[in-house]
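Visitor: Please take one part of this model and go through it closely, setting it against the rest of the chain.

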Amino acid sequence: TDQQNPVNLSHALFDRFVLAGTCKDVRQNFSELCRHLQLDAQDYRHFYGKLKEKLNYWNAKELWEKIDKRAAHPDYDQGKPCAKTKCLVLGAGPCGLRTAIELALLGAQVVLLEKRTSFSRNNVLHLWPYTIRDLRNLGAKKFYGKFCSGSLDHISIRQLQLILLKLALILGVEVHTGVTYNGLVEPQASGTGWRALLLPDSHPASSYQFDVFISAGGGRFVPDGFKRKELRGKLAIGITANFVNHRTKAEAQVPEISGVARIYNQKFFRDLQTEMGIDLENIVYYKDDTHYFVMTAKKNSLLKKGVIMQDNANVEQLLAPANVNGEALLNYARDAAEFSTGRKLPNLEFATNHNAEADVAMFDFTCMHRAEYSSMVMERKGKKLLIGLVGDCLVEPFWPLGTGIARGFLAAFDTAWMVRSWGKGTAHMQVLAERESVYQLLSQTTPENTSKNHAAYSIDPSTRYPNVNMSSIKPIQVKHLYNVEGHLNTNKSSPKNLGKASLRRVADLLNWCQKHTAWCKRVKVKDLSQSWRSGLALCALIQHFRPKLIDVSTLDEKNAVYNNQVAFDILQKEFGIAPIMPASDFASSKEIDQLSVVLYLTQVHNAFSETPK
Ligand code: FAD
């Protein structure tokens, strides 16, 4: 029996751990494996090496080879860069876990906190080719045999979490589930360092002291001190629906729909509306553990079909549970799924969510958020804490576009690179400036404009972003991200937070703008805020450097939204500079935030100074 043959028991325990299909089972099998092999999971530095040594199991060999290959990358320098770094990661979503793995490879001690005790999201994530390769190279197929077989380029959220959780545990990450993070505890005069306030407060991890805090708490979670930008677009109502995949032959034959945008297939959407009364902007269908659909529905058709009961200009109230007819929503989602698959999916039956209810949900994508900056350093009682954001709390993705995980992992790697610099003792302003320089690129990334050499991808941003300029933002420009002996939440990006030296830079920037717009009589640049509202100054600046791109004489000062949009579009297209905010918001905002304008115009200045006409 197993009891008599301890070697085989450890192999069986390892197999069970590798194949475990729930968060609870993964954790339980892992504990048993550790107990059986007499391994101390807290000995993070040696854990992986000892596990390999003690297990000595042919079935694990392929996995070890993969992990060893990754760990041997020169960026990790055998775990030396972060040998003294102690990290707290918040959130066991895919991005928190992916970051934790990188931090462990860098040699850091990593403690990860997750409030949930189960992974239950059926919804499916689209993977860019580099993410598939990244996960394959980490042994994803070993943990989940169906991982991206054939031409599949997606995975359910929970399967991805399971794969990453197993890897994190193997690499010595200390994972705690069922514990909620409630804020930071500042260092005490007695000499203790930064700690976290947890619920339950008696949790052992509340005594853990760390110098790096990574927040990966998802879309709604942004730690104190960080500011978010709201990107308000036109009304966009997303619906997700999961149906049971019985894995029959008939089901296998139904083709997936990897994004039928309205403009590309007008007939399909017209027929859907005529025949079913369902009016969609787009729809995606992936065949995964479930049959998964995500669509963006037009409000009027939701009202007509009785899904939304009362119209309301306020989206929150419009989609409030009391204003939604659950039964009608199920019918709407099922009808859309049936029609879009040519009624070839037989007997669609809803899969269930964590509440054992039909897994259909409606979400508001009208207003998306992104963090204004991705990092910060706080210092209290002489103890510095580096804070980084990753995943949805950094940039909220629009699900039907399927960019979430790809950009999430890019940010996880960029963040690991930042922590590496921190661990190596780089000056903190430099660390922040480099991180923010890289962050500027994130929202523009696509599979096309990122490096095609996926085999060479590492945490070093230059392996992934062609022509990345790690010093496009200078340390002096991120002074506001260094919060010393102040109070949390006082970190407003107002001009008074710009230091003396940066005020000098602001004056230089203003001079530069005045000089190059002086030719245009209709423009008077007096400051780095209000003078930019009508958009004419920005257009004049562009015309000065690139006369072929724009003609200010054709623009009307009163069309502020249009003017700004034209300028933002040119700068984004030509130089990859992300707009400060939607042109409509910029033109109508009560007070124009000088710091945002300064950061934006600094990029414009750099772009025109660095590239030939
Ligand atoms: P998440 O996956 O959201 O993980 C954050 C984790 O942090 C969670 O596990 C949460 O429990 C934990 N957490 C939060 N606050 C605390 C706290 N105070 N203490 C402890 N733990 C905390 N994307 C798509 O592309 N398609 C979809 O259909 C889709 N459906 C989604 C459905 C839901 C319900 C949600 C929430 C997200 C969905 N997404 C979808 C987004 C996608 O899940 C994310 O882009 C992806 O998981 C990466 O996110 P993340 O790791 O940053 O955060």
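Guide: Of the 613 residues in the chain, 42% are buried (20 or more other C-beta atoms, placed from the backbone, within 10 Å of the residue's own; exposed is 12 or fewer, partly exposed in between). The model is predicted, so local features need pLDDT of at least 70 and side-chain atom pairs pLDDT 80 or more, while totals for chains, interfaces and linings use all residues. Residue numbers start from 1 along each chain as its sequence is written.

The chain around it has 20 helices and 18 strands (DSSP runs numbered from the N terminus: H or I of at least four residues, E of at least two). Along the principal axes, the C-alpha atoms occupy a box of roughly 90 × 70 × 45 Å. Among contacts (C-beta atoms, placed from the backbone, within 7 Å) with a separation of 6 or more, 68% join residues 24 or more positions apart.

With β2 the pairing is parallel and spans five bridges; within it, valine 89 has leucine 112 of β2 as its bridge partner. With β8, residues 212-215, there are four bridges, and these strands also run parallel. Here leucine 90 is bridged to serine 215 of β8. Together with α5 and β2, strand β1 forms a right-handed β-α-β unit (with the strands pointing away from the viewer, the path from the first strand over the helix to the second runs clockwise).

Lysine 86 belongs to β1. It is partly exposed, because 18 other C-beta atoms lie within 10 Å. Apart from neighbours within four places in sequence, lysine 86 contacts Ala108, Gln109, Gln209, Phe210, Asp211 and Val212. Val212 falls within the range of β8, 212-215, and Gln109 within that of β2, 109-114. Elsewhere in the chain, glutamate 327 is 241 residues from lysine 86 in sequence and 49 Å away in space, C-alpha to C-alpha.

The ligand is surrounded by 31 residues, of which Gly91, Gly93, Gly218, Gly391 and Gly404 are the closest (a residue counts if its C-beta atom, placed from the backbone, lies within 6 Å of the molecule). Two or more residues of this shell come from each of α5 (94-105), β2 (109-114), β6 (180-185) and α14 (404-423). Both α5 and β2 are also members of the β-α-β unit with β1.

A separate comparison is the open sheet of five strands in the order β11-β12-β13-β10-β14, where pairing is antiparallel. Its edges are β11 (257-258) and β14 (360-364); each has a single partner strand, so one side of each lacks a neighbour in the sheet. Inside it, β10 (residues 237-244) and β13 (residues 290-297) run antiparallel and are joined by eight bridges. One of the pairs puts phenylalanine 243 against histidine 291 of β13.

Lastly, aspartate 593 sits in the loop between α19 (583-588) and α20 (594-610). This aspartate 593 is buried, because 20 other C-beta atoms lie within 10 Å. Serine 529 is 64 residues away from aspartate 593 in sequence, with the two C-alpha atoms 6.6 Å apart.

Note on methods: Two strands pair if DSSP finds at least two bridges between them. Two residues are in contact if their C-beta atoms, placed from the backbone, lie within 7 Å.
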